[in-house]
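Please study the sequence and the three-dimensional view together before reading on. The paragraphs below move from single residues to the whole chain.

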Amino acid sequence: MVADASLSALRERLLQKQRELLNLDETSSDAAKTVELDQSRVGRLSRMDALQGQAMSLELRRRRQAELQRISKALRRMDAGAYGFCESCGLAIAVKRLEFDPAVDLCIDCASDLERGTPG
Ligand SMILES: [Zn+2]
């Protein structure tokens, strides 16, 4: 079980990270718009570059959205009093692991099972 003091520190970190990601998302949608506008007047090669850059920024954006989802899930678990317990086996997640990544939702055992591709 996570102590109240560390819990509020972890919540603060999650909220901070959430703000950062939301800010980045706004900045990068502006960048994506600029690329679209430029395409009308650039040649085929730079158009390819532009498209590649756009695909990359879309991929980064997709990752940010996934991260945002993890964060809001973690915040919801905090509200429900279920924070710090493994989503898969229900056991307490090590506080050190939570401090390393406050949005983590699996204990070390389940996470390494997942990485090995053996569920359970
Ligand atoms: Zn587990």
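In which helix does L75 lie? L75 lies in helix α2. The term helix is used here for a DSSP run of H or I with at least four residues, a strand is a run of E with at least two, and both are numbered from the N terminus. Residues, too, are numbered from 1 along each chain as its sequence is written. The model is a predicted one: local features need pLDDT of at least 70, side-chain atom pairs count only at pLDDT 80 or more, and totals for chains, interfaces and linings use all residues.

The protein chain contains 4 helices and 0 strands. Read from the N terminus, its elements follow the order α-α-α-α. Helix α2 covers residues 44-79, and its length can be checked. The expected span of a helix is 1.5 Å times one less than its number of residues. For the 36 residues of α2 this gives 52 Å, and because the C-alpha atoms at its ends are 52 Å apart, the two values agree. After α2 comes G81, which has a positive phi, near 75 degrees.

How well is L75 surrounded by other residues? A residue is called buried if 20 or more other C-beta atoms lie within 10 Å of its own, exposed if 12 or fewer, and partly exposed in between, with C-beta atoms placed from the backbone. L75 counts as partly exposed because it has 18 C-beta neighbours inside 10 Å. Two residues are in contact if their C-beta atoms, placed from the backbone, lie within 7 Å. Neighbours within four places in sequence aside, L75 is in contact with R11 and L14.

L7 belongs to helix α1. L7 is partly exposed, because 18 other C-beta atoms lie within 10 Å. Not counting residues up to four places away in sequence, L7 touches V2, M78 and Y83.

F100, in helix α3, counts as exposed because it has 9 C-beta neighbours inside 10 Å. F100 and L10 are 90 residues apart in sequence, yet 9.9 Å apart from C-alpha to C-alpha.

Over the whole protein chain, buried residues make up 8% of the 120 residues. Of the contacts with a separation of 6 or more, 53% join residues 24 or more positions apart.

Confidence is expressed as pLDDT, the predictor's confidence in each residue, from 0 to 100. The chain averages 87, and 84% of the residues score at least 70. The mean is lowest in helix α1 (residues 4-38), at 82, and highest in helix α3 (residues 95-100), at 95.
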